[in-house]
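Hi everyone, thanks for coming. I'd like to walk you through a structure and how its pieces pack together. Have a look at it first, and then we'll start with a question.

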Amino acid sequence: KQEGLMIPHPQRETPVSPQDTVPLQWSQATKIGFRLAFSYFLLYIGPGAVGSLGSYRTVAEVEGSLWSKIWHPIVPWVGQHILQVSGNFAEVPNGSGDQLYDYVLIFCMFITAILITAIWTGIDRKRPNYQQLYLWLRVFMRLVVAWAMLGYGIKKLLGAQFPAPDLVRL
């Protein structure tokens with residue numbers, strides 16, 4: 001037998017006790033936080049991330065979509081009457097998401113996510129966790145981020161995002 005040389009020995013598998021198969025119990029705060037994050041993310045990504053609608057569709061298509069028919073009457077009213085903001089609440093499909101309409105839309109989505117969370121909490125009180133839904137949400141979020149990154153990368157490669165300057169600019 002050599003000193004310092006360790007030879008691993010196979011170990012027997014320990015039997016799984018009934019306690020090990022019991023699903024993890026999330027705290028009430030964790031469940032509420034997950035419900036809020038889940039609701040907000042799905043509202044935000046909806047038909048496309050806020051501000052990205054104009055990148056792929058014309059103004060007429062944006063105006064005619066169901067998503068726009070829901071939010072277009074709500075966003076200006078909330079901006080003017082609740083947030084007391086004055087300005088242009090027209091959605092300009094520019095692909096950036098950094099206009100007054102988009103800021104108020106994000107606020108409205110957050111408030112809607114809070115309402116959905118409250119209703120969801122009232123209906124689904126006994127579930128110990130949302131482990132399976134959490135795993136699916138992570139997969140979906142990764143796909144959304146990958147799609148966005150690929151889209152931006154392809155636009156840069158094809159010259160759509162940063163075209164060469166014209167002669168007047170040069």
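Here it is: is T117 buried or exposed? Take a moment to find T117 in helix α6. T117 is buried, because its relative accessible area is 6%, and the cut-off for buried is under 20%. Leaving aside residues up to four places away in sequence, T117 touches I32, R35, L36 and S39. Keep that residue in mind, as we'll come back to it.

Before going further, please remember that this is a predicted model.

Now the overall picture. The protein chain has seven helices and zero strands, so reading from the N terminus you get α-α-α-α-α-α-α. Of its 170 residues, 25% count as buried. If you take contacts between residues at least 6 apart in sequence, 70% of them join residues at least 24 apart.

Let's turn to how helices meet. Two packed helices are described by the angle between their axes and the distance between the axes.

Our T117 belongs to the pair α2 and α6. These two pack at an angle of about 135°, with their axes 8 Å apart. That makes α2 oblique to α6, and the crossing is right-handed. On the α2 side, the contact includes I32, R35, L36 and S39, and those are the residues that T117 touches. Among the α6 residues facing them are M109, A113, T117 and W120. By class, this contact has 14 nonpolar, five polar and one charged residues.

Staying with α2, we can look at its contact with α7. Helix α2 covers residues 28–45 and helix α7 covers residues 131–157; their axes come within 12 Å and cross at roughly 30°. That makes α2 roughly parallel to α7. This crossing is left-handed. Who makes the contact? From α2 it is F34, F38, F41, L42 and I45, and from α7 it is L133, Y134, L137, F140, M141 and V144. These residues divide into 11 nonpolar, no polar and no charged. Two of the α2 residues here, F34 and F38, are also on the list for the contact with α6.

W67, W71, H72, I74, V75, V78 and G79 of α5 meet Y101, V104, L105, F107, C108, M109 and T112 of α6. In this contact, 11 residues are nonpolar, three are polar and none is charged.

What makes up the largest nonpolar core? It has 11 residues in all: L43, W71, V75, V78, F89, Y101, V104, L105, C108, M109 and A113. The elements giving two or more residues to this core are α5 (66–82) and α6 (100–123). Its largest share, six residues, comes from α6.

Technical notes:
Residues numbered from 1 in each chain as written. Predicted model: local features only at pLDDT ≥ 70, side-chain atom pairs only at ≥ 80, totals over all residues. Heavy atoms only, no water. Axes fitted to C-alpha atoms, helices over the stretch in contact; angles between N-to-C directions. Helix = DSSP H or I, 4+ residues; strand = E, 2+ residues; numbered from the N terminus. Parallel < 35°, antiparallel > 145°, perpendicular 65-115°, else oblique. Left-handed = near helix turned anticlockwise from the far one by under 90°. Contact = heavy atoms within 4.5 Å. Nonpolar A, V, L, I, M, F, W, Y, C, P; charged D, E, K, R; others polar. Core = buried A, V, L, I, M, F, W, Y, C linked by side-chain atoms within 4.5 Å. Buried < 20%, exposed > 50% of the residue type's maximum accessible area, 1.4 Å probe, protein only.
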